[in-house]
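Please examine the sequence and the structure shown here. The briefing that follows is grouped by topic.

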Amino acid sequence: MGIIKENNYSQDDLSFALLGRALAHPARKRIIDIIQEDRISTSVVLAKRLNLSIKATCDHLIKLREAKLILDHYSIHFHEIRLNPIGFEKLEEYIEKIINLK
């Protein structure tokens, strides 16, 4: 049996890693752009605008949701997606912290 090593990563470290992973794909950047432009979107609209399958679009949305960059609301007839301002505020805090390390 292998040994499980304890990691010393803070919740802040893990959150930043999720943000980085979420922003590390051009389709996810475009999803953010489209939602910002339209204010609200759906997975079907995003898939059509990006020329991606629904499955691929949903996979990208999962990464954005895990990083808390989007919020989504499901109902019987639709899946509504919007940007999460709190997630982007967190990203801005990280960037400011890095910039001020000079």
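Ser53 is placed in the loop between helix H3 (43–50) and H4; helices here are DSSP runs of H or I with at least four residues, numbered from the N terminus. This is a predicted model, in which local features need pLDDT of at least 70 and side-chain atom pairs count only at pLDDT 80 or more, while totals for chains, interfaces and linings use all residues. Residues are numbered from 1 along each chain as its sequence is written, and side-chain values use heavy atoms, with hydrogens and water left out.

- Ser53 counts as partly exposed, at 41% relative accessibility; buried means under 20% relative accessible area, exposed over 50% and partly exposed in between, with a 1.4 Å probe and protein chains only.
- A polar atom of the Ser53 side chain lies 3.0 Å from the backbone nitrogen of Ala56.
- Between the C-alpha atoms of Ser53 and Ser43 the distance is 9.7 Å, and these two residues are ten apart in sequence.
- Helix H4 covers residues 54–66 and contains His60.
- His60 counts as buried, with a relative accessibility of 10%.
- Leaving aside residues up to four places away in sequence, His60 touches His25, Ala27, Arg28, Ile31 and Leu52; a contact means heavy atoms within 4.5 Å.

**The aromatic pair**

- One aromatic pair is found in a search of the whole structure; rings of Phe, Tyr and Trp (its six-membered ring) pair if their centres lie within 6.5 Å, and planes under 30 degrees apart count as stacked, over 60 as edge-to-face and the rest as tilted.
- The pair consists of Phe16 and Tyr94, whose ring centres are 4.8 Å apart and whose planes stand at 75 degrees, so it is edge-to-face.
- Because Phe16 belongs to helix H1 (residues 11–22) and Tyr94 to helix H5 (residues 85–99), the pair ties together parts that are 78 residues apart in sequence.
- Phe16 is partly exposed, at 36% relative accessible area, whereas Tyr94 is buried, at 7% relative accessibility.

**The largest nonpolar core**

- In soluble globular proteins, nonpolar side chains tend to be buried together.
- The largest nonpolar core has 16 residues, of which Ile31, Leu46, Leu64 and Leu69 touch the most other members; such a core is a set of buried Ala, Val, Leu, Ile, Met, Phe, Trp, Tyr and Cys residues joined through side-chain atoms within 4.5 Å.
- Two or more residues of this core come from each of H1, helix H2 (26–38), H3, H4 and H5.
- H2 gives the largest share, four residues.
- Beyond four places in sequence, Leu69 has contacts that include Leu19, Ile32, Leu64, Arg82 and Phe88.

Key: A polar contact is a pair of N or O atoms within 3.5 Å; within protein, one must be able to donate a hydrogen and the other to accept it, and residues adjacent in sequence count only if both atoms are side-chain atoms.
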